[in-house]
Amino acid sequence: MSRSIVNADIIIVGGGAAGLATAIFAARLMPKHSVLLLDGARRLGAKILVSGGGRCNVTNRVVTTNDFCGGSANVIKRVLREFPAERTVEFFRELGVDMYEEEDNGKLFPVTDRARTVLDALLAEASRRGVRILTEHRVAAIRRKAEHFEIDARAKRFLARRVVLATGGRSLPKTGSDGIGYCLAEALGHTLVPTTPALVALILNGEFHSPLSGISHLVELIVRASGWKPIRVAGVLLWTHFGVSGPAVLDASRHWHRARAEGREVAVYVNFLPGEDLGRVDDRLRGLAAAYPRAQVHNALAALLPARVATALLENVGILPAVQTSQLSRPSRQKLAHALVEWPLPVRDSRGYSHAEVTAGGVPLSEVDPRTMMSRTCPGLYFVGEILDVDGRIGGFNFQWAWSSAHVAASGLAREMRGRGRV
């Protein structure tokens, strides 16, 4: 049985943030060309809708290469420079979406506090620009021919002059991110940096965390892996019934996973007093004993930490809560100081791709031209967003990578097709 054939100048595979943005930018720059977007889901934008607790953290006021891991920092810097956060704010303002900055962390959200506002604006602009969108069209294969690409999706065959892979990674598979893009990229000649979950909560062994479930507080996490310099991540930690979550944990999780993927010995520790070291904390405890000799150790510690955390620490280092600070022996004091600045977290695993906000690893940046996002291996093939070996910390940075890489790809498409007399 023969399949119907659909032609388009540009086909974008994947209708998430990066795919929709690429479609819009391409249609703006090349209004005479047909832009077709294919996605396997029934409705687009599921990951946009669940991001930021349903509010969609569109970007951050300050975005630098230090906010990202993965491929070449120089490539990331170049792509971000072409479409920085200020242009993202301007772009969404053009779509009728104003932003506000969340206090103290630079996160930018739509003033409606609804992710639906962001998605609806993108879909409306895509429609206004003439982008054709076909949902429930999961791409099964892409073949490079002499002058075009052949794409199999559903019961149809699509022909395109240029193809953009915007399929995302493997995170939150219930939203449609099943990793198919990696298979498509490999079939077209690309290699892959092994993928792992990132921005994901960690599961702990033992019972230390159980009675602390629901408590959050500021900490510094230290990830120590063989062959690496220690990685320090400051932020809020949330104790849960399964282990730990919160911004600091989510940011540290990619490093734990990456170390494991590379076969390194890795351990994670908590500094309960961010910025303090062992010597200063020991001095601090001695100072408390001198200033408040009759104060109970637990009460003194509870001035620095949540009371239940203080109780758990004292119990686990073998110090009675009611002991007065002046009666604390030197060995006990030093043991407590060490526990405060480097408490081991017995990480067993993470909650995996089903809960991860992003995927680390993917198509290497070395295989992509940063001026255009076009493949160095397969001419006419472009990559944007999470499929690439780039992942940002929590705070809107992964969305910014989506918008920036989408704009660079669309601009690259326009220049390349203009050079061939097609614009």
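Analyst: **From the surface to the interior**

The protein chain exposes about 18400 Å², of which carbon and sulfur atoms supply 49%. Accessible areas here come from the Shrake-Rupley method with a 1.4 Å probe, and for residues only the protein chains shown count as cover. This is a predicted model: local features need pLDDT of at least 70, side-chain atom pairs count only at pLDDT 80 or more, and totals for chains, interfaces and linings use all residues. Residues are numbered from 1 along each chain as its sequence is written, and side-chain values use heavy atoms, with hydrogens and water left out.

Of the 423 residues in the protein chain, 54% count as buried. Buried means under 20% relative accessible area; exposed is over 50%, and partly exposed lies in between (1.4 Å probe, protein chains only). The C-alpha trace spans about 85 × 45 × 35 Å along its principal axes. The chain has twelve helices and 23 strands. These are DSSP runs numbered from the N terminus: helices are H or I with at least four residues, strands E with at least two. Take contacts between residues at least 6 apart in sequence: 75% of them join residues at least 24 apart. Contact means heavy atoms within 4.5 Å.

Now the cores. In soluble globular proteins, nonpolar side chains tend to be buried together. A nonpolar core is a set of buried Ala, Val, Leu, Ile, Met, Phe, Trp, Tyr and Cys residues joined through side-chain atoms within 4.5 Å. The largest has 86 residues, and Phe92, Leu122, Ile142 and Trp401 have the most contacts inside it. Helix H12 (residues 397–419) gives the largest share of this core, twelve residues. Apart from it lies another core of 41 residues, among them Val244, Ala248, Ala252 and Ala339.

Leu122 shows who meets whom. Beyond its neighbours within four places in sequence, Leu122 touches Leu20, Ile24, Ile48, Phe91, Phe92, Leu95 and Trp403.

Next, the rings. A pair of aromatic rings is described by the distance of the centres and the angle of the planes. Rings of Phe, Tyr and Trp (its six-membered ring) pair if their centres lie within 6.5 Å; planes under 30 degrees apart are stacked, over 60 edge-to-face, and the rest tilted. That rule gives ten aromatic pairs. In one of them, Phe25 and Phe91 are tilted, at 4.9 Å centre to centre and 50° between the planes. Phe25 lies in helix H1 (residues 17–29) and Phe91 in helix H4 (residues 85–94), so the pair ties together parts 66 residues apart in sequence. Phe25 and Phe91 are both buried. Phe25, Phe83, Phe91, Phe92, Phe399 and Trp403 form one aromatic cluster.

Two rings also carry a charge. The charged end of Arg144 sits over the ring of Phe149, 4.6 Å from its centre. For Arg351 and the ring of Phe242, the distance is 4.2 Å. A charge sits over a ring if NZ of Lys or CZ of Arg is within 6 Å of the ring centre and within 35 degrees of the ring normal.

Just after H10, Gly318 takes a positive phi of about 80°.

Seven of the ten residues of E13 are buried, so E13 is largely enclosed by the rest of the structure. E13 and E14 pair in the antiparallel sense over eight bridges. Strands pair if DSSP finds at least two bridges between them. Leu221 stands opposite Val233 in E14. The hairpin of E13 and E14 has five residues between the strands, and Gly227 there takes a positive phi near 85°. E13 also pairs with strand E16 (residues 266–271), antiparallel over six bridges. Val223 has Val268 in E16 as its bridge partner.

Last, two buried loop residues. Leu199, in the loop between strands E11 (193–198) and E12 (202–204), has a positive phi of about 50° although it is not a glycine. At 5% relative accessibility, Leu199 counts as buried. Asp389, in the loop between strands E22 (381–383) and E23 (390–392), is buried at 8% relative accessibility. Leaving aside neighbours within four places in sequence, its contacts include Cys69, Val193 and Pro364.
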